[in-house]
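Me: I would like to go through this structure and ask what lies behind the words used for it. Please set each value against its definition.

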Amino acid sequence: AHVVPDAALSALHLDPDAVAAGILPSISVVQLPCCSYVKHDTVCGLRPDVEFVDDRIVGDGHGCARSIRVWTDVAPQAVALRAVRVGDLLPLTSALVARQQRRT
C-alpha cells in the first residue's frame with residue numbers, strides 16, 4: 001500500500017496500563033519505498049536500522065524499486081511521539097507527517 005510509515009503506526013492501539021507499566025510490544029517496520037514514498041526515510045524521526053537493495057524484487061515498470069528499509073523496534077519512540085493510539089488518546093499522525101514533510 002502507498003502509506004507513509006508514521007501514518008501506518010496510527011492503526012495500532014496499545015493498552016494504557018501496559019504502557020504505563022513500561023510493557024511495550026516490539027514494533028518492527030519493513031518498508032519497500034517506491035514512487036514518491038522514497039523520501040519518507042524515517043519512522044518517528046528514526047533512521048532505518050538496516051537498508052539494502054534486493055535485486056530479486058521483480059519489476060521494471062515505473063515506480064519499481066528494490067530498496068528495503070527495516071526498523072527493528074520503534075515502539076518507545078512511537079509511544080513518546082504519540083504515533084500510536086494509547087487507550088483513548090488518539091495518535092498525532094497529522095503532526096508527525098507534517099513535520100516530516102517540512103524536513104524534506
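Me: How many helices and strands are there in the chain?

Reply: There are four helices and five strands. A helix here is a DSSP run of H or I with at least four residues, a strand is a run of E with at least two, and both are numbered from the N terminus. Along the sequence they follow the pattern α-β-α-β-β-β-α-β-α.

Me: What kind of model is this, and how are its residues numbered?

Reply: This is a predicted model, in which local features need pLDDT of at least 70, side-chain atom pairs count only at pLDDT 80 or more, and totals for chains, interfaces and linings use all residues. Residues are numbered from 1 along each chain as its sequence is written, and side-chain values use heavy atoms, with hydrogens and water left out.

Me: Why is Asp6 called buried?

Reply: Buried means under 20% relative accessible area, exposed means over 50%, and partly exposed lies in between (1.4 Å probe, protein chains only). Asp6 has 3% relative accessibility, so Asp6 counts as buried. Asp6 belongs to helix α1 (residues 5–9). In the chain of 104 residues, 34% are buried.

Me: What makes the pair Asp6 and Cys44 a polar contact?

Reply: A polar contact is a pair of N or O atoms within 3.5 Å; within protein, one must be able to donate a hydrogen and the other to accept it, and residues adjacent in sequence count only if both atoms are side-chain atoms. A polar atom of the Asp6 side chain lies 2.7 Å from the backbone nitrogen of Cys44.

Me: Where is Cys44, and what is its phi?

Reply: Cys44 sits in the loop between β2 and β3. Its phi is positive, about 55°, although Cys44 is not a glycine. Most residues other than glycine have a negative phi. Cys44 has a relative accessible area of 2%, so Cys44 is buried.

Me: Why is Arg82 called partly exposed?

Reply: The relative accessibility of Arg82 is 30%, so Arg82 counts as partly exposed. Arg82 is in the loop between α3 and β5 (85–86). Arg82 also has a positive phi, about 60°, and is not a glycine.

Me: Why is Ser94 called exposed?

Reply: Ser94 has a relative accessible area of 63%, so Ser94 is exposed. Ser94 lies in helix α4 (residues 93–103).

Me: What makes β2 and β4 a pair of strands?

Reply: Two strands pair if DSSP finds at least two bridges between them. Strand β2 (residues 29–31) is joined to β4 by three bridges, and the two run antiparallel. Gln31 stands opposite Arg69 in β4. Strand β3 (residues 50–53) pairs with β4 over four bridges, again antiparallel, and Glu51 has Arg69 as its bridge partner.

Me: Why are β2 and β3 called edge strands?

Reply: The open sheet of three strands has the order β2-β4-β3. Strands β2 and β3 each pair on one side only.

Me: What makes a set of residues a nonpolar core, and which members of the largest one touch the most others?

Reply: A nonpolar core is a set of buried Ala, Val, Leu, Ile, Met, Phe, Trp, Tyr and Cys residues joined through side-chain atoms within 4.5 Å. The largest has 16 residues, of which Leu9, Val43, Val74 and Val84 touch the most other members. Helix α3 (residues 75–80) gives the largest share of this core, three residues. Beyond its neighbours within four places in sequence, Val74 is in contact with Leu9, Ile27, Val29, Val43 and Leu46.

Note on methods
Contact = heavy atoms within 4.5 Å.
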